Amino acid sequence: MITGCTLEMRTSSEIITVSKRAAKASGFSWGVSEEIGKNINLLEMFNLSGVENFNQYLKEKDSLNLESKFNIANLSSSNSSVCCPIFLGIYLLDNSNKVLNLKKIKFSRLAYPLIFLPFMQRISYNIGKNIRLNFDDVQIELHLTNTLSINQDLKRKIIKSAEAVTIEVLENEDSFSNKVWEELHELSTNTFVEENERLKSNAAGAGLVDND
Amino acid sequence: MSQNISHRDPKEIMKLSKLGSFHQSKLSFLRSFIREFNDWHFKREICDLDSNGYGTIVYSVSKHNRTYSLVCFANELDDSERSDRVIATKWDAAFVLHDGKPTKDDIERLRNNVPKQEVGRCSYKELTLSRANRSVRLFNHVIDSLSQGKQPDLKLIKEVGYLYRTTAVYGSGKFGLADRYRIKNRSEINGPFRLEMMLVYLVRQFTFDQVNHVAKEKNPESAVKLDKEIARSLGIGNSTGLGMAPFIINHPSLLHQWIFAKEEALKQIREIESVNKEQLQLFIKCLNQSEINLKDWNTESEYQLQKIAKLKSDITNLKDNYLANINLEDEFIWNKLYNWVESNLSDEGIELVVSLMMEPYDEIINPLVRQMSSNEESYFEIPGERLTTDLKEIIENSYSNIIEIDFSKDLENENFWFISKNKEEPRIANRFEEEGSDLEQPLAIARDIKDLHVRLDNLEAQQTVAEFLSNNNDLRHIVRRCFIIEKLPYSEIQDNSIGSNLVPIDMLRLKLSYFGAQKFDPRSDKWLRICMYQGAPLMEEIHNSHDNWMYS
């Protein structure tokens with residue numbers, strides 16, 4: 001039996017379909033709308049307000065005069081206009097390898113940064129690296145395993161814009177010391193069998209000396 | 001000596017005229033459902049019907065700690081309100097498959113919602129939802145006969161084939177039902193459409209229990225129960241409209257898995273060097289039974305009548321001119337048979353033979369059944385770093401017939417697919433006669449592929465796909481499909497889905513053949529009736545069932 005749901009909650013299938021159709025009805029192409037449907041659902045799965053942010057974004061987007069064309073080399077902290085979270089997200093997603101190479105991207109003025117977040121999540125998965133996304137005082141670490149950690153409670157929040165945004169590709173590194181690893185490894189070897197001479201010569205396929 | 005047989009060419013197999021000639025087979029979902037669930041425990045838990053047969057019945061299907069329950073609500077329906085169209089708002093019966101055993105509260109909640117179907121609300125505790133209408137002429141006749149202590153007229157039973165027909169079966173997140181991802185790790189439902197097949201199978205049992213109950217209430221002294229053999233010969237009807245057609249376009253990786261399973265089965269069977277007598281006899285027995293079944297394939301559709309006539313003539317041709325001379329001592333009998341069939345029979349005959357060739361080979365088919373689902377998410381991302389030359393090459397390799405279509409001609413552009421605002425269901429209409437083509441659904445794949453190819457052709461210099469998309473995001477949906485077909489060659493229909501020659505029921509028949517439907521009866525070019533589970537073992541005998549029930 002499935003648990004942990006309320007009887008009234010909307011399903012992922014409904015969220016994806018309705019978001020996709022609402023996006024198309026608001027002027028996005030079908031392909032872009034597919035990306036939006038997937039992302040809004042991803043936000044909801046993270047327990048963030050994907051539907052609320054997207055609904056508000058659609059109401060305001062035409063009046064915000066959002067930038068929709070980008071060049072990764074020119075993204076900077078002195079943007080004159082506000083970046084559209086969807087077109088910028090798609091642009092970076094399509095250029096995931098460039099994001100990986102640049103390691104760090106800083107720019108300013110991003111509308112509805114939570115809508116931008118799932119694109120970063122998917123880039124993290126594509127490039128196999130964790131990504132740190134900072135916007136203003138919000139810090140989010142996106143893990144390639146489809147999880148994230150946030151430094152504050154964003155549940156039920158609509159965030160209309162961010163002034164300063166940083167995307168940082170994090171190097172994959174161990175979270176433990178060599179000493180701890182050795183201790184654990186030593187313990188794991190207790191599952192091994194000590195080989196006597198006969199086992200050494202008979203238990204494996206090749207010979208002990210293979211100079212032929 | 002071994003033979004290495006290639007898979008059949010997707011550009012031929014994926015044409016709609018070919019897909020519209022597919023038949024049920026051992027790969028079909030209702031047959032694999034019975035194979036996989038024949039060791040589960042099926043039980044009628046609650047039967048709370050009044051003398052007219054209205055009320056509630058609950059069935060359970062359980063094994064170890066897992067239980068699924070079908071909750072059935074039978075309602076009074078005036079004849080004037082009975083409609084199989086999706087616009088209907090009332091039905092003779094409504095059904096929901098509940099996860100576990102429903103509590104009294106669950107049943108009350110469902111009673112207030114399930115009969116309303118699309119305008120009601122289910123929850124994560126429910127898995128599939130459906131409704132059905134009686135075949136008035138057969139339902140009443142069966143009750144009258146049984147209540148008089150007689151069995152119903154076999155001629156009428158054969159003619160109709162079912163007591164009820166479903167008009168939609170919903171699953172996977174619709175109307176509040178549990179999303180697929182919530183239950184995807186259950187091994188018993190790894191196979192395709194397992195829960196939908198379970199629902200329909202139990203609905204069939206409901207129809208028998210209801211007629212037996214009403215007949216008994218009508219005449220407690222004389223009524224008899226429906227004979228088991230007659231019950232077995234009854235299936236569940238289904239009226240299917242355009243809703244199914246976009247499904248196969250919108251799920252390209254799943255479509256590939258289904259078609260590939262069939263093509264891989266055919267390849268492996270054609271590669272068999274030695275065939276024994278029992279295997280050949282089973283094939284011939286199934287062929288003969290299919291020929292007999294053709295006599296009960298009733299339709300008024302000229303389109304289908306012509307196909308049935310071709311199929312009859314194909315079977316005669318095969319029996320007289322090939323099977324009569326077949327020699328079991330020969331090597332690679334199936335391959336030789338297939339090569340002859342391909343050269344001498346119509347698509348109807350070829351695809352029937354392909355289905356029948358699978359019958360003797362559980363060991364080939366069962367592993368393929370387990371590969372007939374798809375993780376669609378894993379094909380979603382577009383590789384932006386790839387080059388436009390790659391994209392062009394994919395199109396020229398995989399859509400070579402499509403890019404020859406001249407979409408400047410009105411005939412090739414005649415139709416558009418849209419979603420009805422009234423019922424949120426897919427529809428198709430003439431672009432030049434009706435309004436609404438500005439809200440066209442992204443189902444004109446051939447036209448958009450052609451558009452993409454033209455734009456790629458006009459590029460002055462090679463670009464990355466990311467660069468190309470930054471100026472051509474209106475074709476993003478189609479670029480995504482190109483990278484799917486590169487990996488999954490059977491993922492795309494190789495035809496024009498908006499041309500004047502389109503026969504939408506070909507798309508329905510493709511999907512329904514995989515469900516295991518029989519007796520396709522087109523009522524127009526946009527909807528048809530079919531029958532499911534006709535001949536299938538009854539609930540009480542499923543444990544002892546054999547897989548060839550379709551040909552018994």
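## Aromatic pairs

Across all chains, the structure holds 33 aromatic pairs. One of them joins Tyr57(A) and Tyr112(A) in an edge-to-face arrangement, with 5.8 Å centre to centre and 80 degrees between the planes. This pair links distant parts of the chain: Tyr57(A) belongs to helix H3 (residues 50–64) of chain A, while Tyr112(A) lies in the loop between strand E1 (104–111) and helix H6 (113–127) of chain A, 55 residues apart. Both Tyr57(A) and Tyr112(A) are buried. The model is predicted, and the values given here are to be read accordingly.

## Aromatic cluster and charges over rings

In chain B, one aromatic cluster is formed by Phe22(B), Phe29(B), Phe193(B), Phe247(B), Trp258(B), Tyr514(B) and Phe515(B). A member of this cluster, Phe22(B), also has a charged residue over its face: Lys262(B), at 3.2 Å from the ring centre.

## Strand E5 of chain B

How many residues of strand E5 (residues 126–134) of chain B are buried? The strand is mostly covered, with 9 of its 9 residues buried.

E5(B) pairs with two strands, E4(B) and E6(B). With strand E4 (residues 93–99) of chain B, the pairing is antiparallel and runs over 6 bridges; here Glu126(B) in E5(B) is the bridge partner of His98(B). With strand E6 (residues 162–171) of chain B, the pairing is again antiparallel, over 7 bridges, and Arg134(B) has Tyr164(B) in E6(B) as its bridge partner.

Methods:
Residues are numbered from 1 along each chain as its sequence is written. Chains are lettered from A and ligands numbered from 1 in the order in which they are written. This is a predicted model: local features need pLDDT of at least 70, side-chain atom pairs count only at pLDDT 80 or more; totals for chains, interfaces and linings use all residues. Side-chain values use heavy atoms; hydrogens and water are left out. Buried means under 20% relative accessible area, exposed over 50%, partly exposed in between (1.4 Å probe, protein chains only). Helices (H or I, at least four residues) and strands (E, at least two) are DSSP runs, numbered from the N terminus. Two strands pair if DSSP finds at least two bridges between them. Rings of Phe, Tyr and Trp (its six-membered ring) pair if their centres lie within 6.5 Å; planes under 30 degrees apart count as stacked, over 60 as edge-to-face and the rest as tilted. A charge sits over a ring if NZ of Lys or CZ of Arg is within 6 Å of the ring centre and within 35 degrees of the ring normal.
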